[in-house]
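Thanks for asking me to take a look at this one. My notes follow as numbered points, to be read beside the model.

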Amino acid sequence: MGLPSKRRTKQSKKERASHFALKAIALTACPDCKKKILPHKVCPYCGKYNGRQVIKVESLTERKKRRETRYEQKKNI
Ligand SMILES: [Zn+2]
């Protein structure tokens, strides 16, 4: 393993670290439900894109119900 031949100064370390900061994600508001979403992506809350219903979004209770029925079916086999 190679070792650094010279010690890095405080300033050179700081200069390198000046690019480490993370940028905040640019979010846009969904035109239908007004929630913050990623631009150019289907809204994960209402499933719409460009005013069209693209994916079916089920509520938490619906999801729970579906999972429970599937679990029951597996148990019976
Ligand atoms: Zn939406």
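1. Asp 32 is partly exposed, with a relative accessible area of 38%; here buried means under 20%, exposed over 50% and partly exposed in between, with a 1.4 Å probe and protein chains only. Asp 32 forms a salt bridge with Lys 48, the closest N and O atoms being 3.8 Å apart (the criterion is a side-chain nitrogen of Lys or Arg within 4 Å of a carboxyl oxygen of Asp or Glu). Lys 48 sits in strand S3 (residues 48–49) and Asp 32 in the loop between strand S1 (28–29) and strand S2 (36–37), so the pair ties together parts 16 residues apart in sequence. Lys 48 is partly exposed as well, at 27%.

2. A word on the source: this is a predicted model, in which local features need pLDDT of at least 70 and side-chain atom pairs count only at pLDDT 80 or more, while totals for chains, interfaces and linings use all residues. Residues are numbered from 1 along each chain as its sequence is written, and side-chain values use heavy atoms, with hydrogens and water left out.

3. Now the metal site. The zinc ion is coordinated by the SG atoms of Cys 30, Cys 33, Cys 43 and Cys 46, at 2.2 to 2.3 Å; donors are N, O and S atoms within 2.8 Å of the metal (3.2 Å for Na, K and Ca), and sites may look incomplete because water is not among the atoms. The 4 donor atoms subtend angles of 103 to 119 degrees, which makes the arrangement tetrahedral (for four donors, all angles between 85 and 135 degrees). Along the chain the donors follow the spacing C-x2-C-x9-C-x2-C. Cys 30 is buried at 2%, whereas Cys 33 is partly exposed at 30%.

4. The structure holds 3 salt bridges. One of them joins Glu 58 and Arg 66, with the closest N and O atoms 2.7 Å apart. Another pairs Lys 75 with Glu 72 at 3.8 Å; both lie in helix H2, 3 residues apart, about one turn of the helix.

5. On the overall fold, the chain has 2 helices and 4 strands, in the order α-β-β-β-β-α from the N terminus. These are DSSP runs numbered from the N terminus: helices (H or I) of at least four residues, strands (E) of at least two.

6. Finally, the overall dimensions: the C-alpha trace spans about 70 × 40 × 15 Å along its principal axes. Of the 77 residues, 6% count as buried.

Key
Four donors count as tetrahedral if all angles lie between 85 and 135 degrees; four count as square planar and six as octahedral if opposite donors are over 155 degrees apart and all others between 65 and 115; anything else is irregular.
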